[in-house]
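Open the model in your viewer and keep the sequence panel beside it. The tour goes from one selection to the next.

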Amino acid sequence: MGASEASGSAPSKFSLFSFRKQRDNYREYSNQLIDAHTSEAAGSLRSEDERRLKEHTRYYYERIYERASAVSRDRNFWNFGYSGADVLEGIREHIPEFADRNETDGFSEQLYFYTVMQLPIKFEELPGMSLLDIGCGGGEGLNFLSRTLPDTHMIGLDLSHNAVDWANARFSRDSRLRYVYGDAENVPVGDSELDVVVNVESAHTYPDNRRFLEEVARILKPGGYFSQVDVYSHGGKWTRTLSTRSEVDQLEWICDKDISAEVRASIRSRCEPGSFFQRQFESLPRIYRAYIFRHFTFLYGRIFAGIPDDNYIKLLRRLRLFQAGKNETLPPGACYRYSLARKR
Ligand SMILES: C[S@@+](CC[C@H](N)C(=O)[O-])C[C@H]1O[C@@H](n2cnc3c(N)ncnc32)[C@H](O)[C@@H]1O
């Protein structure tokens with residue numbers, strides 16, 4: 001199946017031919033991402049490459065959410081999580097029993113909560129605020145935030161139809177929580193409408209970061225905040241991100257922190273034998289576990305966290321489905337960063 005067929009949601013039949021096609025497609029996508037991350041030159045992607053990278057991203061996530069919604073219950077998070085006592089405490093001020101009942105390990109929720117905890121505003125004192133989550137995935141993160149900030153109007157936006165359908169079917173609630181389909185580089189929201197924009201582990205696949213930041217600046221009210229966590233390579237991607245940020249005059253960057261240690265701590269906990277996350281994953285039907293090539297956490301996550309290869313990764317490497325330095329989109333030189341900007 002080619003990338004241009006990405007938006008179809010019918011499950012594809014498994015055959016050696018389609019497997020090879022998908023593998024090649026995936027390799028090409030990984031290599032595109034690596035190039036986009038490691039190139040030092042600003043604006044180095046040509047428009048044709050940008051289009052193809054976005055098509056691949058759409059295709060890839062449509063398939064992930066299609067599989068996920070076929071097998072999964074709730075807790076359908078697709079981020080690496082964050083592990084920090086202060087964030088956990090902050091959440092428990094709103095939800096005292098949070099992560100006590102063996103329903104979640106709480107790390108993905110912590111990553112989401114971190115983005116609002118860093119804001120220099122008190123949501124409780126400002127009922128009716130509007131918040132947009134760009135790249136919301138299956139909607140769990142925003143659904144969780146809406147439990148901690150019940151008087152805030154929240155919208156999630158994602159490039160995957162499957163993700164948005166899943167999120168609306170499970171979580172949407174009148175004007176307080178809804179999900180829409182859309183592209184981060186062309187957001188379907190009017191000028192100066194929003195108080196806060198959050199963006200969790202999503203922007204690393206956007207082909208044109210400058211266009212994305214200009215959109216964020218356009219849709220925020222003056223004085224509104226943009227709160228973001230994402231992964232960068234220490235070299236190319238981060239250097240380029242800094243130079244792109246300086247070109248978008250309307251955003252004033254007021255905080256930047258390396259949160260790699262807390263993200264690695266979450267991944268390490270999840271990779272421990274018998275962890276909540278492992279048990280959840282092991283409870284999925286075997287065919288799906290194989291089909292989605294295991295969860296990101298067990299592949300890229302463990303490389304980022306410095307955990308030695310397990311037998312599964314060794315096998316993938318032997319089959320040349322996972323090549324060192326080639327399709328590891330999180331090279332050891334990667335870092336996780338939190339950034340906060342205010343619209344002037
Ligand atoms: C790693 S997932 C993170 C999902 C969610 N934020 C979370 O933390 O659970 C990245 C998400 O970004 C979305 N995405 C990628 N490119 C996008 C774009 N150009 N516009 C909107 N969403 C995009 C993907 O569809 C995917 O759902």
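**Before selecting anything**

Residues are numbered from 1 along each chain as its sequence is written. This is a predicted model, in which local features need pLDDT of at least 70 and side-chain atom pairs count only at pLDDT 80 or more, while totals for chains, interfaces and linings use all residues.

**Whole chain**

Show the chain as a cartoon: there are 13 helices and seven strands in it. Helices (H or I, at least four residues) and strands (E, at least two) are DSSP runs, numbered from the N terminus. Of the 344 residues, 41% count as buried. A residue is buried if 20 or more other C-beta atoms lie within 10 Å of its own, exposed if 12 or fewer, and partly exposed in between, with C-beta atoms placed from the backbone. Among contacts with a separation of 6 or more, 78% join residues 24 or more positions apart. Two residues are in contact if their C-beta atoms, placed from the backbone, lie within 7 Å.

**Select 107-117 and 140-148**

These are helix H4 and helix H5, which pack at an angle of about 60 degrees with their axes 9 Å apart. Axes are lines fitted to C-alpha atoms, for helices over the stretch in contact, and angles run from 0 to 180 degrees between N-to-C directions. H4 and H5 are therefore oblique to each other. Angles under 35 degrees count as roughly parallel, over 145 as roughly antiparallel, 65 to 115 as roughly perpendicular and the rest as oblique. On the H4 side, show Ser108, Glu109, Tyr112, Phe113 and Val116; on the H5 side, Gly141, Phe144, Leu145 and Thr148. The residues of this contact divide into five nonpolar, three polar and one charged. Ala, Val, Leu, Ile, Met, Phe, Trp, Tyr, Cys and Pro count as nonpolar, Asp, Glu, Lys and Arg as charged, and the others, Gly among them, as polar.

**Select 209-219 and 236-247**

Here the axes of helix H7 and helix H8 come within 10 Å and cross at roughly 40 degrees. H7 and H8 are therefore oblique to each other, and their crossing is right-handed. From H7, Asn209, Arg210 and Leu213 meet Thr241, Thr244, Arg245 and Glu247 of H8. This contact has one nonpolar, three polar and three charged residues.

Now centre on Leu213, which lies in H7. Is Leu213 buried or exposed? Leu213 is buried, with 24 other C-beta atoms within 10 Å. Not counting residues up to four places away in sequence, Leu213 touches Thr244, Arg245, Val248 and Leu251.

**Select 296-304**

This is helix H12, largely enclosed by the rest of the structure because eight of its nine residues are buried. Its cover includes helix H9 (260-271), helix H10 (276-282), helix H13 (311-318) and strand S7 (334-343). Just after H12, Gly306 takes a positive phi of about 75 degrees.

**Select the ligand**

Which residues come nearest to the ligand? Of the 23 around it, they are Asn79, Gly135, Gly137, Ala184 and Ser202. A residue is near a molecule or strand if its C-beta atom, placed from the backbone, lies within 6 Å of it. Helix H2 (residues 47-71) gives the most to this shell, with three residues. The shell divides into ten nonpolar, eight polar and five charged residues.

Key. A crossing is left-handed if the near helix is turned anticlockwise from the far one by less than a right angle, and right-handed if clockwise.
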